[in-house]
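Please keep the model open while working through them.

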Amino acid sequence: MLHTQPKPEQDAPHPRITASRLGLAKSCPGSFALGPHVSPAPGEAAEKGTAIHAFLEAVLDGVDPDEALPEDPEARAVCEKIDARDVYGVAGPNPSTETPLGWDPATGEAREAPRATAERRDYSALPEGWVAGTADAVSAEGDAVRVTDWKTGAFEVPDPGENPQLLFLGIAAARSRGKDRAILQVVRVNEDGTLRARTAELGPDDLALAEASLVAVLGRVEKSREGVPELRPGRHCRFCPALYRCPAVAAEATALLEDPFEELDPASAARAWERLAACDAAIKRAREALFLYVAGRGGQLPLDDARSLRIVEGRRQSLDPKIALGIVRERFGEDAAAKAASVSPTSLKKALPSAGAMEVLDEVKKRGGLTSTTYESLREAPSR
Ligand code: SF4
């Protein structure tokens with residue numbers, strides 16, 4: 001469903017569109033017209049991802065992998081398992097890392113921006129109106145550039161040939177280096193240290209088409225900024241810096257209460273799912289804000305005479321899939337390993353008799369394949 005809303009009266013200066021926001025621009029052009037953006041606070045997963053990115057960057061820059069290991073224990077556990085030869089192999093010959101790129105959608109001109117040292121992502125040297133972004137690694141191979149984007153964490157991203165961020169990076173890298181082709185790759189860094197690359201190769205015509213599609217997306221953003229914002233709520237709302245001020249999500253929440261899905265059909269069910277996703281994103285963001293507020297008050301907030309809201313600590317265990325599945329296979333056979341295909345303490349307990357699950361968990365621990373992490377969350381509890 002398309003929502004249109006009056007443009008806010010007081011216009012804030014529009015921030016530069018960066019590569020990482022092009023996906024959001026495509027899904028909801030109006031998100032760039034809702035005034036000052038409030039970026040979501042980076043979660044633990046984002047911090048772990050940043051530490052893994054820094055490790056890969058250092059390895060490609062020639063630092064000894066053992067010297068480059070991050071301090072963050074979860075990121076370090078992954079990086080210790082990464083084979084540096086895989087990193088060199090996938091990134092192509094002599095890659096430049098953390099390469100800032102700019103592209104002018106009006107003329108097609110592109111260039112590399114100076115690589116900032118103290119403050120990395122500084123695009124101030126690029127003219128206004130240019131789109132900017134940073135490639136994790138760029139290498140040149142004949143008449144092509146190879147652009148690598150490392151991915152960590154659970155979120156899946158679109159295929160490289162349909163990923164606006166990578167398309168931008170491919171266009172900007174190819175144009176700035178005078179190349180006709182671009183090889184784009186999303187390389188997922190798995191928890192067991194293996195790398196899985198998905199690749200798309202774009203020839204001259206593909207690059208021209210990709211450029212035209214990005215120009216069209218930016219045109220819709222511009223139209224939203226100049227007139228009535230085109231707002232399209234959905235699961236992408238969770239990444240939106242304008243979520244707090246979005247009238248379309250508020251409208252979706254109201255609609256959810258007013259329309260309890262009495263007459264579902266495939267189309268309305270799909271629509272209801274998107275609507276729920278937008279509301280989930282808003283709730284998650286509100287919970288994060290409340291968490292920070294309670295944390296700032298010593299971890300406790302009285303709700304009334306009998307109840308309070310508290311920050312409590314929980315523990316999560318994760319298993320090294322290679323080690324755990326190997327042990328299940330050795331002791332319980334191939335069928336049991338297939339049943340426990342997604343390995344977690346819970347799936348093991350489902351797939352095996354409880355004594356068997358405990359035996360496997362003990363053995364995984366002995367072989368160094370059990371990682372425990374703590375997390376904090378908000379809980380309502382009786383007042384002390
Ligand atoms: S919250 Fe969702 S609908 Fe609202 S501006 Fe952001 S992406 Fe668009």
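This is a predicted model: local features need pLDDT of at least 70, side-chain atom pairs count only at pLDDT 80 or more; totals for chains, interfaces and linings use all residues.

Which residue in β7 does arginine 188 stand opposite?

1. Arginine 188 stands opposite another arginine, residue 196 of β7. The two strands concerned are β6, covering residues 181–189, and β7, covering residues 195–202. They pair in the antiparallel sense, and eight bridges join them.

2. The turn between these strands. β6 and β7 form a hairpin with five residues between the strands. Within this hairpin, glycine 193 has a positive phi, near 85 degrees.

3. The domains. The chain is divided into domain 1 (45–218), domain 2 (247–291) and domain 3 (310–382). Between the C-alpha centres of domain 1 and domain 2 there are 34 Å.

4. The ligand. A shell of 16 residues surrounds the ligand. The closest of them are Cys28, Ser31, Cys237, Cys240 and Cys246. By class, the shell consists of 12 nonpolar residues, three polar and one charged.

5. Two helices in contact. Two packed helices are described by the angle between their axes and the distance between the axes. For helix α8 (residues 247–258) and helix α9 (residues 266–296), the axes come within 9 Å and cross at roughly 115 degrees. The crossing of α8 past α9 is left-handed.

6. The residues at that contact. On the side of α8, the contact involves Val249, Glu252, Ala253, Ala255 and Leu256. These meet Arg275, Ala278, Cys279 and Ala282 of α9. The contact of α8 with α9 has seven nonpolar residues and two charged ones, with no polar residue.

7. The three-stranded sheet. Strands β9, β10 and β11 form an open sheet in that order, with antiparallel pairing. At the edges are β9 (300–302) and β11 (370–382), each of which pairs on one side only. From one strand to the next, the twist averages 25 degrees.

8. Pairing inside the sheet. How many bridges link β10 and β11? Strand β10, residues 307–319, pairs with β11 over 13 bridges in the antiparallel sense.

Conventions. Residues are numbered from 1 along each chain as its sequence is written. A residue is near a molecule or strand if its C-beta atom, placed from the backbone, lies within 6 Å of it. Ala, Val, Leu, Ile, Met, Phe, Trp, Tyr, Cys and Pro count as nonpolar, Asp, Glu, Lys and Arg as charged, and the others, Gly among them, as polar. Two strands pair if DSSP finds at least two bridges between them. Helices (H or I, at least four residues) and strands (E, at least two) are DSSP runs, numbered from the N terminus. Axes are lines fitted to C-alpha atoms, for helices over the stretch in contact, and angles run from 0 to 180 degrees between N-to-C directions. A crossing is left-handed if the near helix is turned anticlockwise from the far one by less than a right angle, and right-handed if clockwise. Two residues are in contact if their C-beta atoms, placed from the backbone, lie within 7 Å. Domain bounds come from an automatic or database domain assignment.
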